[in-house]
Protein chains: 2
Amino acid sequence: MHHVTDTLLSLFVVFAAAQLCGGLARRLRLPGVVGEILAGALIGPYALGWIDATQIAAGMPLDVLAEIGVVLLLFSVGLETRLEDLRRVGKAAFLVGVLGVMLPFLLGAVWAHGQGYAWSRALFIAAAFVATSAGITARVLQELGALQRIESRVILGAAVIDDILAMLLLGVVVSLQGGGGLDVAHLALVLAGAVGFVAVIGLGGARLMRRHAATLDRRRDPESLLGLVLALCLGLAWVSTLFGLAAIIGAFLAGMIASETRQQHMLEQQTRPLLALLTPFFFVVTGSKLDLSQFASTDALIMLAVVTAIAVVSKLLGGFLGALTLGRRAATLVGFGMVPRGEVGVVVASLGLAAGVFDERIYALIVAMSLLTAMLTPPILAALLRRDRPAEAAS
Amino acid sequence: MHHVTDTLLSLFVVFAAAQLCGGLARRLRLPGVVGEILAGALIGPYALGWIDATQIAAGMPLDVLAEIGVVLLLFSVGLETRLEDLRRVGKAAFLVGVLGVMLPFLLGAVWAHGQGYAWSRALFIAAAFVATSAGITARVLQELGALQRIESRVILGAAVIDDILAMLLLGVVVSLQGGGGLDVAHLALVLAGAVGFVAVIGLGGARLMRRHAATLDRRRDPESLLGLVLALCLGLAWVSTLFGLAAIIGAFLAGMIASETRQQHMLEQQTRPLLALLTPFFFVVTGSKLDLSQFASTDALIMLAVVTAIAVVSKLLGGFLGALTLGRRAATLVGFGMVPRGEVGVVVASLGLAAGVFDERIYALIVAMSLLTAMLTPPILAALLRRDRPAEAAS
């Protein structure tokens, strides 16, 4: 029974640290998520070591709980998002998604090439600058009750585009490493699959659900409908990974589908305790991967600052330019909303390390940059949202 | 990213199977838990193999989710239980606990010795007949809204006693294997520790919580109190394993403590979605351990029937005699409520196998018996509860 004790201890430590640091952050008028990521950095293997590296490795219980946490988070965000609302901001979201991928990719590639890496490796490194972590921003927007704002919808729509493009880009740079050139037909197929999945599930699912809402209403106990939509959420999260997309894209679509039922409000209520239990695991596990000991020298620290600045500015600019039709204030909010790389950057860096393309130094840089963007952005978003509070709240 | 796909697939398969089979069971007017356990047996490694043996091994994600599920289940049962109510049935619960341990232990030992095992081994085998799985019965009682009945309180109180005694008994039989005799002083210390933990946390915690309920009421958002009590739940679950008790004992106590807050009703509401998501993992994983292929011959099947009959009758009789002061109907319900062995029997059998005391045949027998008692009891409990519905509902 020894492993039960160990397991429960690690669950308790992670959850209690998140409660404590999240609460502290909120007292300082910061988003709770900042406290939770810091909690992870604090108790993680590179600081206090209360949870060790094997416990947060891919496929281990804490990692799986983290994955469930972020899947449920995006599911709940989907629950608060209507397809109609997304469609209305479609053009801006598309521009934000495309520019928010292109600028970081270009600037990242130029920087990496300037560091002496050949173009094929530089492009792989640049791919780690690209993908936005929708989880971080979604949590901040939800925490501050801002999901109904037009900027939030643009960010969410752009996050879907962003994930599709980032996935394609990763496919391209991986195949470039082999030196065998690009298989354009294959890439077109991958793109068609991903876009098809999003379109069929997003549009078709919502329509189907609206038609059958009455049938679902007849289900007597509230847990029965919840069980059904949670199965849908897990199922679509799984299927979306089959199309090369992040699990959270499927979860987000599942939430949007479920938001078409008449019990959408009840489902939102029921999802909240699930988030309270499970999302802290995501943010703590994300934060626990931060290893600042690598940046003890001034040179290394300056390098980290430069990389982080490139990542922030390029994404901010891409989002800002893409959303400029909404006005400069809104565009600024959208731009910052796209900045966090979080766990997505960590995943790309891990792939690069495993493929032998990243050396230890680049790996540590990209991971630290990803996590720093995740920690720096929430306070800025919160300040922007609070400043704008009296202004334009859509719907 | 391959492992993410695999993980999400297994989560989806387990959860969807539980939804489907649980729903079917309810349509047949059976408790949903029966369907969930059967779902596990069906998709498990010994039947369809949709989840394999490594996925449900101790410490793996599905096993950890199962553990969290049963911990939350007993936490929620604790939330619906007031310390006062337990105290009022203390005497009956104590008798049920003691007799419900003694009779199965004696009968199990006699049977095992009759099978040709030396007494020291026979006593270890008998220990696997002892412990009740509170999870199965608690779920049925909760599903049928019967937790406020006096019989339910007796069962819950007895389950705590049962776990303490079973833990001691296991300590005794393990030390007997060494042939070094009993260390009575050590056992007394273990007993004192376990009883002390339950008494201090149960009595002291509830009192403390009652005194500080007003402070907690001041917490503004509902998720903040939930986070606090979930941390308490995970923390006490962990500590109770340090005292050699099951994690669910600590979780049950945490629930009882939280039930003293004024927002007890809100906490109950919030816990329900958590149960909807996580308890299915417990029941499916439990069921997936059933390997009936071992019982293909008539002889083996008869043997399984005999062992199961001994386990059922001895526990039923112990509970019945212990609760006889409540009347024969109530005593019957209490008796059946104590019958399920479930995952606890599986754990003892695994310990026996690891210690080299159980051979493969006894191991398979005990595991199958434990799971059969878990599957057979819920329909009987449901029938007894439905028959009595108009009668004596306490409080």
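The legends below describe close-up views of a predicted model with a chain A and a chain B.

**View 1. The interface between chain B and chain A.**
In this view the two chains meet through 43 residues of chain B, which are in contact with 43 residues of chain A. Together the chains bury about 3,800 Å² between them, and 85% of that area lies on carbon and sulfur atoms. On the side of chain B, the residues that lose the most area to chain A are B:L8, B:L234 and B:W238, which together account for 15% of what that side buries.

**View 2. Helices α5 and α13 of chain A.**
Here helix α5 of chain A, made of residues 90-114, packs against helix α13 of chain A, made of residues 298-322, at an angle of about 150° and with the axes 7 Å apart. Since angles over 145 degrees count as roughly antiparallel, α5(A) and α13(A) are therefore roughly antiparallel to each other. The crossing of α5(A) and α13(A) is right-handed. From α5(A) the contact includes A:L95, A:L99, A:L103 and A:W111, while from α13(A) it includes A:M303, A:V306, A:I310 and A:L321. When the residues of the contact of α5(A) with α13(A) are sorted by class, 15 are nonpolar, six are polar and one is charged.

**View 3. Helices α6 and α8 of chain B.**
In chain B, helix α6 (residues 119-127) and helix α8 (residues 150-177) pack with their axes 9 Å apart and at an angle of about 155°, which means that α6(B) is roughly antiparallel to α8(B). The way α6(B) passes α8(B) is a left-handed crossing. On α6(B) the contact is made by B:S120, B:R121, B:L123, B:F124 and B:A127, and on α8(B) it is made by B:L170, B:V173, B:V174, B:L176 and B:Q177. Of the residues in the contact of α6(B) with α8(B), seven are nonpolar, two are polar and one is charged.

**View 4. Helices α3 and α7 of chain A.**
This view shows helix α3 of chain A, residues 61-79, whose axis comes within 10 Å of the axis of α7(A) and crosses that axis at roughly 50°, so α3(A) is oblique to α7(A). The crossing that α3(A) makes as it passes α7(A) is left-handed. Residues A:V70, A:L73, A:L74, A:S76 and A:V77 of α3(A) meet A:A134, A:G135, A:A138, A:R139 and A:Q142 of α7(A). In the contact of α3(A) with α7(A), six residues are nonpolar, three are polar and one is charged.

**View 5. A salt bridge between A:R26 and A:E143.**
Side chains of opposite charge can pair when their charged atoms come close. In this view the side chains of A:R26 and A:E143 form a salt bridge, with a distance of 3.7 Å from N to O. Because A:R26 lies in helix α1 (residues 2-27) of chain A and A:E143 lies in helix α7 (residues 134-143) of chain A, the pair ties together parts that are 117 residues apart in sequence. Over all chains, the count by this rule comes to 20 salt bridges.

Note on methods:
Residues numbered from 1 in each chain as written. Chains lettered and ligands numbered in written order. Predicted model: local features only at pLDDT ≥ 70, side-chain atom pairs only at ≥ 80, totals over all residues. Heavy atoms only, no water. Axes fitted to C-alpha atoms, helices over the stretch in contact; angles between N-to-C directions. Helix = DSSP H or I, 4+ residues; strand = E, 2+ residues; numbered from the N terminus. Parallel < 35°, antiparallel > 145°, perpendicular 65-115°, else oblique. Left-handed = near helix turned anticlockwise from the far one by under 90°. Contact = heavy atoms within 4.5 Å. Nonpolar A, V, L, I, M, F, W, Y, C, P; charged D, E, K, R; others polar. Buried area = accessible area lost by both parts, 1.4 Å probe. Salt bridge = Lys/Arg side-chain N within 4 Å of Asp/Glu carboxyl O.
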